[in-house]
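Colleague: I've got a fold to read and I'd like to go through it feature by feature. Can you show me how?

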Amino acid sequence: MLDDLANSVISGDANRAAEAAKNALTGGVDPLNAITNGLNRGMKQVGEDFSKLKVYLPEVMMAAEAMKAALAILEPAALKKDSTSIKKSKVVIATIAGDIHDIGKNIVSLLMRANGFEIYDLGRDVPIDAMISKAMDVNAEIIAASTLLSTSMPYMEDMIALLKERGLRGKFIIMVGGGPVTKEWATSIGADGYGDDGDEAVKVAYELLQRVKPN
Ligand code: B12
């Protein structure tokens, strides 16, 4: 069933992906497992094929549509998990300015939500000022920024600079992630945390909430 999910993304077939997602749920596959070890695996393959010019942008777009169709079915099931025992910390998350990639960010949102965080997802191509304003409005503990484009990475650094300029840096935990972002780079720009995938994002967020207390 996990292979079927992966292959539906690779073939860019949204109907097949939705069907595979339904089958996974009725077959008792944990929805988060279906996302991580099924859909993500397929998209990783598409990314590799794209880099090797084995597939082109239209195929990637179809793969993205297939992934979204399956996620729409798996997401409600993933959120049914009981997470009431965890304190609801508020997270403002977005794909940062200039970048429209949102599949990874959506998965991070989903996993954090499934683990008890209260998520304010601002979408994609979001200006840094809008991220900061929302975090102030809802009194968030964490701002999480995603990007898959190296050309948008500097906005993460700009966001931290803007927070400092406004005397707000200590108020928020800043987490960054996405394809070209590395742990080393995150440290170099003064972010508090980095995660390689959705599971790590959740783990790091928990750790940071205990270690770095926003004031
Ligand atoms: C799907 C895809 C698209 C889709 C996006 C659909 C969508 N709605 O997201 C479409 C077709 C629209 C697209 C468009 C473009 N794309 Co594109 N795309 C990809 C592809 C194949 C897969 C990305 C993906 O969804 N991966 C699956 C998800 C699950 O993984 P992920 O995003 O990495 O997220 C995980 C982790 O990174 C982490 N994470 C992510 N965010 C965060 C945030 C935090 C806080 C934390 C802790 C963790 C975290 O957790 C996630 C879940 O596990 C990649 C190839 C690749 N190798 O990544 C190229 C890629 C990202 N694209 C690329 C490019 C260049 C583009 C375009 C500019 C192409 C063009 N010429 O128009 C445009 C973007 C235009 C723009 N202004 O944004 C390049 C980027 C190169 C770079 N480093 O700058 C890549 C790497 C392809 C390549 N090899 O050249 N793309």
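Colleague: Where is Asp 125 found?

Modeller: Look in the loop between strand E2 (118-121) and helix H6 (128-138). Helices (H or I, at least four residues) and strands (E, at least two) are DSSP runs, numbered from the N terminus. Keep in mind that this is a predicted model: local features need pLDDT of at least 70, side-chain atom pairs count only at pLDDT 80 or more, and totals for chains, interfaces and linings use all residues. Residues are numbered from 1 along each chain as its sequence is written, and side-chain values use heavy atoms, leaving out hydrogens and water.

Colleague: What is the phi of Asp 125, and is Asp 125 buried, exposed or partly exposed?

Modeller: Its phi is positive, about 55°, although Asp 125 is not a glycine. Asp 125 counts as partly exposed because its relative accessibility is 41%; buried means under 20% relative accessible area, exposed over 50%, and partly exposed in between (1.4 Å probe, protein chains only). Now compare Leu 53, in the loop between helix H3 (31-51) and helix H4 (57-79). Leu 53 also has a positive phi, near 60°, and is a residue other than glycine. With 57% relative accessibility, Leu 53 therefore counts as exposed.

Colleague: On to the sheet, then. What is the order of the five strands?

Modeller: As a rule, strands of a sheet pair through backbone hydrogen bonds, either parallel or antiparallel. Here you have an open sheet with the order E2-E1-E3-E4-E5 and parallel pairing; two strands pair if DSSP finds at least two bridges between them. E2 and E5 are the edge strands, each pairing on one side only.

Colleague: Which residues are the bridge partners of Ile 93?

Modeller: In E2 the partner of Ile 93 is Asp 121, and in E3 it is Ala 144. Strand E1 (residues 90-95) pairs with E2 over four bridges, while five bridges join E1 to E3.

Colleague: How many residues of E4 are buried?

Modeller: Five of the five residues in E4 (residues 173-177). Both faces are covered: Ile 173, Met 175 and Gly 177 lie on one side, Ile 174 and Val 176 on the other. E3 (residues 142-146) runs parallel to E4, joined by five bridges.

Colleague: Which helix do E4 and E5 have in their β-α-β unit?

Modeller: That's H8 (residues 183-188), and the unit is right-handed, meaning that with the strands pointing away from the viewer, the path from the first strand over the helix to the second runs clockwise. E4 and E5 (residues 193-195) are parallel and share three bridges; Gly 177 stands opposite Gly 195 there.

Colleague: At what angle do helix H1 and helix H2 pack?

Modeller: H1 (residues 2-10) and H2 (residues 14-26) pack at about 165°, their axes 8 Å apart. Axes are lines fitted to C-alpha atoms, for helices over the stretch in contact, and angles run from 0 to 180 degrees between N-to-C directions. That makes H1 roughly antiparallel to H2 (over 145 degrees). On the H1 side the contact (heavy atoms within 4.5 Å) is made by Asp 4, Leu 5, Asn 7 and Ser 8. H2 brings Arg 16, Ala 17, Ala 20, Ala 21 and Ala 24.

Terms used:
Angles under 35 degrees count as roughly parallel, over 145 as roughly antiparallel, 65 to 115 as roughly perpendicular and the rest as oblique.
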